[in-house]
Each structure stands twice: as structure tokens, then as C-alpha cells.
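Subject: Structure handover

Hello,

Here is the structure I promised you. Please open it, then read my notes below.

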Amino acid sequence: MHFPGHKDKKKEEAAQTALTKLNSWFPTTKNPVIISAPMYLIANGTLAAEVSKAGGIGFIAGGFDFRPGSSQLTTLSNELSLARKALDLSDRPLTPLPAIGVGLLLTHTVSVPHIIDTVLPILQEHSPQAVWLFANDPDFESSETTPENEKGKAKQLIEAFHASGFVVFFQVGTVKDARKAVEDGADVIVAQGVDAGGHQVQQGSGIVSLVPEVRDMVEREFKEREVVVVAAGGVADGRGVASAIGLGASGVVLGTRFIVATEAATPEFRRKLILETTDGGINTVKSQFHDQINSTTIWHPVYDGRAVRGASYEDHAAGVPFEENYKKFKEAASAGDNSRAVTWAGTALGLVKNQKPAGQIVEELRKEAKEVIRKIQVYAA
Ligand SMILES: Cc1cc2nc3c(=O)[nH]c(=O)nc-3n(C[C@H](O)[C@H](O)[C@H](O)COP(=O)(O)O)c2cc1C
């Protein structure tokens, strides 16, 4: 027998359950849930704490080098202490850090085997609530040269984080990768569209198609799991937040908007560039060139990154040979001239018009999103 509307009702219930789950893991959150992305060299402990205080979920960027003695481990530990201080919990070291997470990049394959020995103890000591994994190397996961005990590392890591009570977010850019992350045990899928700032899959889609397809996939293939899906990429205001909720996301991740948050560790020249740049479709560009000019070699070719279209990229697009371009890049950097530096940012930078404390950004996004949701109800009448 066919029940009209039955399918939609089920979808509504699934979305409700995912949201209930997200709110129950993070009881301090308010809806719609705003999440600040773990942006390397930008998203520090103070920023994350202010997002948490305002009812969002704040992620601290943990970097990519997890080998014993790495300075990135020391920085992570310090930033977690700063988050505790900002949350007024310094004298309660055993209280978990509410709605605070740590982002770990899995691109640096020689670092990945160290995560359980080096990063996990830091997380256990400081008690954030969540871990966010991104960008595992597809070859390392399964290649013949990878030691047997390192194969399927993402799954092993998720199991280890679960055993210590952390909620695991996994950022992906395709339905295929989302499926793999859920199979590996991830609790929250961050569906990252190609409008996003920073690194992402080289071949992907925008959140308008990615989020609903990922939602449908998890509801169809993992019925018993109630996987939470959140959206990332291209959202910088309340209209984007409301739309992402409409697409089936239970929460919304913003990176580019928080680059200019008062607390962010962003240098002044990058803040200015982001505030002044408009029309992100033409003034940012997604390319592997940005990593090449930065001499960054940790990224597998399935990834590239979106950055402001600057002087280095313009020369590259005009056919200037790489060696000559690189020389200009190095000379400018040593002369203190930032005009040739790479500034990661998403297409939504044209909507980023002001610098504000992170808590205020969260509150305004939530308020604006609710107004939009109320306004568009007229279309349902
Ligand atoms: C400057 C910058 C640095 C980033 N660094 C990281 C990172 O260290 N780890 C990570 O998982 N994602 C990183 N991202 C991607 C974000 O997680 C997120 O997907 C993205 O910012 C969302 O898109 P939006 O910038 O349009 O809001 C970065 C993004 C930016 C803009």
C-alpha cells in the first residue's frame, strides 16, 4: 500500500533525530547549530571557546605534524589550555570542555601512525568533546607499501577516539567518501562543498547537491545509525545557514567568516584582503598551484585548495614559468611584501564585511537564520 507523504514524514523524523543527537552530545548548543571550522594557523583556543560560549561548537586546528617532539603538539596543548581559561574552567581540570573540538589533518602520512601515542594523551588531558578528521591519503589507507597494521588507519583512529569518549566528525567532499567515513564509524559527516576556503577534494560539488545526497545516502544505507550531517563551504551569513538547514544539514560549519573574527590568529594583511575582496567566484581560485608555490608537499593529488586569486596565481595563469614565479614569491616574502602570499578563503568572502568577536558572529548568524526560516514559511502556505 502506498501512503502519500509517508517518505517525507520519515525524512522529517530522521532529520529531527539527527538534530536531537547533535544537541544531546553538545548540550550547550543552540539551534541552528553554528560550528567554527578548525583552520590551521587561524582557529585558536580562544576563538573556539567564544564560539562555544555563544551556543556553537568551536574547533581548534590541531595541524598535521604529530611526530613526537613536533611543535604543533605543544601549540595544540597550549591552545586547549587557553580554551579552558576562556571558558573559566582553569580551576576545574576534570570538567570536559563543552562544545570544543580539535581538528586533525591526516595528510602527512608519516605523522598519522603517531596520533594515538602523541595526540590522544593531549586530548585525554584537556578533555575537548570532539575530534574532527580530514583528508586521509587514499593510497596510504590501502597501498601495498603501507604496513599491514597501518591499513584502514581512519577506522582505527575513530575506534580509539570513541574508546576515549570523543564524538568524531569526518570532513568529506563526495558521497563516496561520506559512505567510507560512516563505515569507518564517524558520528558526524561534514559535507564540504567546493565553495569552501582552504583544502578540499579536487573534484567535488557544491553543498546544494552534496548535502541532500549525503543525507539520503546515510538514511538509506545506515538506517540504524542516525548519522549526523553538517554542511561546510560557501556559507557566510544567516541566509546560507537557513539554506543549509533546508538541504538537510543538522548544523552548519563556517570557516571564511571566522577568519576575521576578532580572536582569530589571522595576520592583519589577510584580514584586510578578505574584507576588501568581493565576488568570490572570480576572485578566489581552487587549485594545486597554491600548495606548489608554498612548497607544501603533504597533500595527496585528490585534494586542492581555494585561496584568493593573488599576484602569484595571476602570473601562473599568464604562463610565467614556475621557477621565475617562485623566485618572485620568495623575494617578496623576504622583503616583507605580502602581495604574493597565498590567502586561503572561500567563495563567500564577498559576504564578509566586518570583523567582530566570534560570539557575536555566532549569535547574529543564528538570529538571521531564524528570521530567514520564518520569512520563507510564506512559500509553504
Ligand atoms: C584559512 C583556512 C584554513 C583551513 N584549515 C583547515 C584545517 O586545518 N583542517 C580542516 O579540516 N579544514 C580546514 N579548512 C577548511 C574548513 O574546515 C572548512 O571546510 C571551510 O572553511 C568551510 O568553507 P568556508 O570557508 O566557505 O566557510 C580551512 C579553511 C580555511 C579558509
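**The pocket and its ligand**

The lining of the largest pocket has 26 nonpolar, 17 polar and 4 charged residues. Here Ala, Val, Leu, Ile, Met, Phe, Trp, Tyr, Cys and Pro count as nonpolar, Asp, Glu, Lys and Arg as charged, and the others, Gly among them, as polar. A pocket is an open set of points on a 1 Å grid over the protein atoms alone, where a 1.4 Å probe fits, with protein on both sides within 12 Å along at least five of seven lines; lining residues have an atom within 4 Å of a point.

This is a predicted model: local features need pLDDT of at least 70, side-chain atom pairs count only at pLDDT 80 or more, and totals for chains, interfaces and linings use all residues. Residues are numbered from 1 along each chain as its sequence is written, and side-chain values use heavy atoms, without hydrogens and water.

The ligand sits in the largest pocket, meaning that more than half of its atoms lie within 2 Å of the pocket's grid points.

Now the polar contacts (pairs of N or O atoms within 3.5 Å). Oxygen atoms of the ligand lie 3.1 Å from a polar backbone atom of Tyr40, 3.1 Å from a backbone N or O atom of Gly197 and 3.4 Å from a polar backbone atom of Gly233.

Best wishes

How values were computed. A polar contact is a pair of N or O atoms within 3.5 Å; within protein, one must be able to donate a hydrogen and the other to accept it, and residues adjacent in sequence count only if both atoms are side-chain atoms.
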